[in-house]
Amino acid sequence: MLADILKQNNVETSGMRFDSNARTALAFVTLRADGEREFLFFRNPSADMLLQESELDKDLLKKARIFHYGSISLIDEPCKSAHLAAMSIAKNSGCILSYDPNLRLALWPSADAARKGIMDIWDQADVIKISEDEITFLTGGDDPYDDNVVLKKLFHPNLKLLIVTEGSQGCRYYTKAFKGRVSGVKVKPVDTTGAGDAFVSGILHCIASDQTIFQDEKRLRKALYFANVCGALTVTQRGAIPALPTKEAILQFLLEAAVI
């Protein structure tokens with residue numbers, strides 16, 4: 001079913017692998033009245049945890065412009081080794097490495113293990129997207145709105161772009177040359193599931209189309225506003241995949257908002 005949904009949405013699925021001995025992980029999402037959500041996971045172990053390095057499609061990885069990953073695949077072996085091998089192949093092929101830690105504390109053995117696992121690969125990423133809550137967690141309770149905290153504890157010399165998302169308030173951005181804020185888009189939230197993923201897909205789409213945005217603040221701000229709209233439109237509908245907007249819907253929104 002999931003493979004079919006990806007194909008229907010024109011996603012390349014040749015790198016997908018199936019495991020006849022394990023089931024696909026389940027995530028149950030409970031919605032609160034304000035559209036925010038809580039997760040409950042069933043894995044034990046699920047197919048994704050059993051991905052082997054030998055199953056990687058190395059040619060597919062070498063062709064990619066951007067390799068995007070989270071941290072959940074770093075929790076258990078053999079998936080962790082497969083993840084690290086894929087990162088290495090992508091990096092050596094000239095890929096931009098994009099990292100969204102996507103903290104799901106309930107899946108890790110402990111908070112310390114989560115902190116260590118997430119930070120162990122921190123300095124390899126070219127682009128990192130992180131939330132306010134994740135800053136507080138990773139820094140041991142520091143103020144997520146303090147630029148000095150972000151720059152001293154989370155920005156590293158190899159980074160091209162660090163993004164801090166602030167939900168409906170928009171996002172902050174940090175590069176070696178400049179930093180700033182891009183305001184969010186006001187919408188009526190129904191379900192926030194998938195908003196962060198939509199935001200990331202929006203900014204990665206812009207980076208894949210134009211890698212000069214790392215050096216051009218005006219273009220970067222425009223790309224981040226595009227990403228903000230991606231996230232905003234997603235929260236106006238229920239579900240994750242069904243709520244993701246098309247490029248046409250985003251451009252139409254931008255047109256009506258007279259941004260373009």
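Asn102 counts as partly exposed because its relative accessibility is 25%, where buried means under 20% relative accessible area, exposed over 50% and partly exposed in between (1.4 Å probe, protein chains only). The place of Asn102 is in the loop between strand E4 (96-99) and helix H4 (111-120); helices (H or I, at least four residues) and strands (E, at least two) are DSSP runs, numbered from the N terminus. Although Asn102 is not a glycine, its phi is positive, at about 50 degrees.

The model is predicted, so that local features need pLDDT of at least 70 and side-chain atom pairs count only at pLDDT 80 or more, while totals for chains, interfaces and linings use all residues. Residues are numbered from 1 along each chain as its sequence is written, and side-chain values use heavy atoms, with hydrogens and water left out.

Most residues other than glycine have a negative phi, and most peptide bonds are trans. A positive phi, near 60 degrees, is also found in Asn44, in the loop between strand E2 (37-42) and helix H2 (58-63). Asn44 is exposed, with a relative accessible area of 75%. The peptide bond from Glu77 to Pro78 is cis, with omega near 5 degrees, and Pro78 lies in the loop between E3 and H3.

Asp76 is located in the loop between strand E3 (66-69) and helix H3 (79-92). With a relative accessibility of 28%, Asp76 counts as partly exposed. Leaving aside residues up to four places away in sequence, Asp76 touches Arg43 and Met49, contact meaning heavy atoms within 4.5 Å.

Helix H7 (residues 195-209) packs against helix H8 (residues 217-234) at an angle of about 150 degrees, and their axes are 7 Å apart. H7 is therefore roughly antiparallel to H8, a term for angles over 145 degrees. The contact includes Phe199 and Ile203 of H7 and Leu224 and Phe226 of H8. By class, this contact has ten nonpolar, five polar and no charged residues.

The protein as a whole has nine helices and eight strands. For 260 residues, a compact globule would have a radius of gyration near 18 Å, and the value of 18 Å for the protein agrees; the radius is taken over C-alpha atoms, and the globule rule is 2.2 Å times the number of residues to the power 0.38. Of the 260 residues, 40% count as buried.

Conventions. Axes fitted to C-alpha atoms, helices over the stretch in contact; angles between N-to-C directions. Parallel < 35°, antiparallel > 145°, perpendicular 65-115°, else oblique. Nonpolar A, V, L, I, M, F, W, Y, C, P; charged D, E, K, R; others polar.
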